[in-house]
Amino acid sequence: MARAGLTAARLVEAAAGLADQTGFENLTLSALARHFGVKDASLYSHVKSLQDLRTRLALMAGEEMIDRIAAAVAGRAGKDALAAFAGAYREYAHRHPGRYAATQIRIDQSLIAGSPTLRRTAEITYGMLRAYGLEEPDLTDAVRLLRSTFHGYCALEATGGFGAPREVQASWDKAIDALHVALRHWPREENSERNSERNNETNSEEKKDDD
């Protein structure tokens with residue numbers, strides 16, 4: 001393939017395909033150069049380094065993933081939205097293992113500040129959770145619970161980590177049921193201002209009793 005046809009977008013798209021085929025951890029600039037039939041040096045006009053390529057891939061995959069999640073949760077709320085969100089997340093991880101792995105890498109915050117994809121992901125995720133009546137800092141705690149549950153399940157499933165005879169889909173459905181119950185009965189953390197007000201009221205009442 002002619003070198004003149006290379007662009008950053010084409011490199012990232014090809015990298016996504018290679019990551020899905022051979023694993024994100026095996027994605028290298030040399031492998032990408034071989035895919036296009038060019039020398040490694042030809043890629044540096046479009047990407048700065050392997051880290052740059054992987055960061056671009058992570059952002060592209062993140063956009064793809066949230067697009068699918070957004071379509072799945074549209075018009076839904078409560079448990080229906082949670083199940084749709086989780087299902088779209090898991091399906092993407094199954095269909096695009098290399099791209100999904102890219103979404104899990106840590107990216108320099110300065111590179112994603114103001115990212116439309118990041119804002120949209122936050123809007124959809126936090127919007128779903130606000131339907132359960134959650135506010136900060138409980139929102140962040142709930143997001144971490146969902147992410148660790150979804151990612152842990154997908155990672156174990158991908159490596160054949162579930163050996164019991166129980167059907168994996170049945171356990172997944174039960175996990176969604178459990179998360180729904182947990183979100184409905186979330187142990188909400190009272191903000192410091194409210195705690196301070198209550199402490200002042202308690203101290204005032206105790207002082208009156210002493211008098």
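**Close-up views of a predicted model**

View 1. Residues are numbered from 1 along each chain as its sequence is written, and side-chain values use heavy atoms, with hydrogens and water left out. Ala142 lies in helix α8 (helices are DSSP runs of H or I with at least four residues, numbered from the N terminus). Leaving aside neighbours within four places in sequence, Ala142 is in contact (heavy atoms within 4.5 Å) with Leu129, Leu134, Leu183 and Trp186. The C-alpha atoms of Ala142 and Trp186 are separated by 8.7 Å, although these residues are 44 residues apart along the chain.

**View 2. The crossing of helices α7 and α8.** The axes of α7 (residues 116–130) and α8 (residues 138–158) come within 10 Å and cross at roughly 110°, axes being lines fitted to C-alpha atoms over the stretch in contact and angles running from 0 to 180 degrees between N-to-C directions. The two helices, α7 and α8, are therefore roughly perpendicular to each other (65 to 115 degrees). On the α7 side, Thr125, Tyr126, Met128, Leu129 and Arg130 meet Leu139, Thr140, Ala142, Val143 and Leu146 of α8.

**View 3. Arg188 in the loop between α9 and α10.** Arg188 is placed in the loop between α9 (168–184) and α10 (192–210), and with 42% relative accessibility Arg188 counts as partly exposed. Not counting residues up to four places away in sequence, Arg188 touches Tyr132, Gly133, Leu134 and Asp138. For Arg188 and Gly133, which are 55 residues apart along the chain, the C-alpha atoms are separated by 9.7 Å.

**View 4. Helix α3 and Gly75.** The 24 residues of α3 (residues 50–73) should span 34 Å at 1.5 Å a residue, and the end C-alpha atoms are 34 Å apart, which agrees (the expected span is 1.5 Å times one less than the number of residues). Gly75, whose phi is positive, near 80°, follows α3.

**View 5. Confidence along the chain.** The mean pLDDT (the predictor's confidence in each residue, from 0 to 100) of the chain is 89, and 87% of its residues reach 70 or more. Over residues 192–196 pLDDT stays under 50, and the model has 1 contact beyond four places in sequence for them. Where pLDDT is low, the predicted coordinates should not be read in detail.

Definitions and conventions
Parallel < 35°, antiparallel > 145°, perpendicular 65-115°, else oblique. Buried < 20%, exposed > 50% of the residue type's maximum accessible area, 1.4 Å probe, protein only.
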